[in-house]
Amino acid sequence: MISPGAVRDEPGAPLATLAVLSEEMRWRLYAYARAVRRPITREEAAASTGISRKLAAFHLDKLVAVGLLQASCDAPPGPRRVGRTPKTYELSGKGVAVSIPARRHDLLAGILLDAVLATADGSDARAAAVASAQAAGHELGAGQRERLRPGQLGAERALTIAGQILDADGFEPEREAPARLRLRNCPFHPLAAQSPELVCAIGRAYVAGLLAGLGATTAEAALDPEPGFCCVRLTRAAG
């Protein structure tokens with residue numbers, strides 16, 4: 001099962017990463033780390049770019065701060081020198097992608113992959129995809145409920161919390177009324193345009209699962225397609 005809540009960037013994190021890489025020296029140091037594919041020292045980084053060790057350390061630590069590199073004090077390859085083990089830097093495995101408005105094709109791909117694996121027994125693929133989306137949303141909601149411990153949720157409070165979570169996923173929620181939330185962006189576009197019936201069902205299941213995981217029984221996710229918006233609207237639950 002995918003875990004969309006395992007690692008979640010703060011809104012704007014990709015842009016902050018690009019801002020760090022926009023400095024030419026940092027880009028050169030990052031490119032050097034990618035080229036050698038092993039831990040590098042500050043001395044090696046400085047030599048590769050013709051700058052001082054102190055300046056190389058400054059730029060390397062900026063790359064660590066945004067998660068592109070990770071630092072450690074493990075001994076680098078080669079002969080061991082006398083003295084303190086130097087700090088080394090290596091690739092973190094994190095990439096960066098920016099899309100405006102936000103797109104979450106990784107999330108959709110994970111849901112569909114789970115659905116493919118679930119249909120190995122011959123079950124219905126569409127139903128499996130919807131179930132996978134609901135499970136992914138539920139896992140995220142349950143994790144946030146454990147973190148926030150909000151207690152019993154009324155409709156307005158439930159929509160506020162759900163909106164904050166969905167904003168981080170790129171749905172761009174807009175409060176139309178105290179108990180009504182419209183999602184202005186579809187993170188699964190343009191795939192939603194190619195197969196709206198399937199992708200919209202997946203989107204609704206994901207949001208419904210999120211609400212269920214939060215324990216937000218006072219709110220519900222309904223399909224309410226409107227040009228230029230996500231097909232899901234969150235409202236106070238009927239009854």
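This is a predicted model: local features need pLDDT of at least 70, side-chain atom pairs count only at pLDDT 80 or more; totals for chains, interfaces and linings use all residues.
1. Residues are numbered from 1 along each chain as its sequence is written, and side-chain values use heavy atoms, with hydrogens and water left out.

2. Start with confidence. pLDDT is the predictor's confidence in each residue, from 0 to 100. The protein chain averages 83, and 79% of the residues score at least 70. Treat residues 1-9 separately: pLDDT stays under 50 there.

3. Next, the overall make-up. The protein chain has 9 helices and 7 strands. These are DSSP runs, numbered from the N terminus (helices: H or I, at least four residues; strands: E, at least two). Of the 239 residues, 38% are buried. Buried means under 20% relative accessible area, exposed over 50%, partly exposed in between (1.4 Å probe, protein chains only).

4. Now helix 2, residues 24-36. Its 13 residues should span 18 Å at 1.5 Å a residue. The expected span is 1.5 Å times one less than the number of residues. The end C-alpha atoms lie 19 Å apart, which agrees.

5. Which residues of helix 2 are buried? They are Met25, Arg26, Leu29, Tyr30 and Ala33. Exposed Glu24 and Ala35 sit on the face turned away from the buried side.

6. Last, just after helix 2, arginine 37 takes a positive phi of about 55 degrees.

Terms used: Contact means heavy atoms within 4.5 Å.
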